[in-house]
Amino acid sequence: TFIKEHLTKNWNKFVSYRYLDTGCIVQFLKLTGKVPRDLGGSLKELGQYFDVPINGLHTAKGDTLLTIEVLKKLRDLDKEIL
């Protein structure tokens, strides 16, 4: 009940696509030419493109771990831009 009473009220404060969105980052990298313009924005497609192992897709844990690894790859591309 702790989660129901405290976390769900503030869920968007802690978990939101507005803080880190792989899709927006990829769109920017398309504009800079760092990734192909025809690269899809789904987490699965990004994982495949960056050769990240995909385990447990569409589960909370699987998607979270995949997002972390994709964000690391996107971060590394950003270093190349600078």
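Is Thr22 buried or exposed? The model is a predicted one, and in it Thr22 has a relative accessibility of 12%. Buried means under 20% relative accessible area, so Thr22 counts as buried.

Thr22 is part of helix α3. Leaving aside residues up to four places away in sequence, Thr22 touches Leu46, Thr67, Val70, Leu71 and Leu74.

The helix around this residue comes next. Helix α3 spans residues 22-32, and its buried residues are Thr22, Val26, Leu29 and Lys30. These residues lie on the same side of α3 because the arc they cover around the axis is only 105°.

Both ends of the helix have a local feature to look at. After α3 comes Gly33, which has a positive phi, near 80°.

The remaining values describe the protein as a whole. It contains 5 helices and 0 strands, which gives the pattern α-α-α-α-α when read along the sequence. The protein has 82 residues, and 23% of them count as buried. Taking contacts between residues at least 6 apart in sequence, 37% join residues at least 24 apart. The accessible surface of the protein is about 6400 Å², and carbon and sulfur atoms account for 57% of that surface.

Methods: Residues are numbered from 1 along each chain as its sequence is written. This is a predicted model: local features need pLDDT of at least 70, side-chain atom pairs count only at pLDDT 80 or more; totals for chains, interfaces and linings use all residues. Side-chain values use heavy atoms; hydrogens and water are left out. Buried means under 20% relative accessible area, exposed over 50%, partly exposed in between (1.4 Å probe, protein chains only). Helices (H or I, at least four residues) and strands (E, at least two) are DSSP runs, numbered from the N terminus. The arc is that of the directions from the helix axis to the C-beta atoms. Contact means heavy atoms within 4.5 Å. Accessible areas come from the Shrake-Rupley method with a 1.4 Å probe; for residues, only the protein chains shown count as cover.
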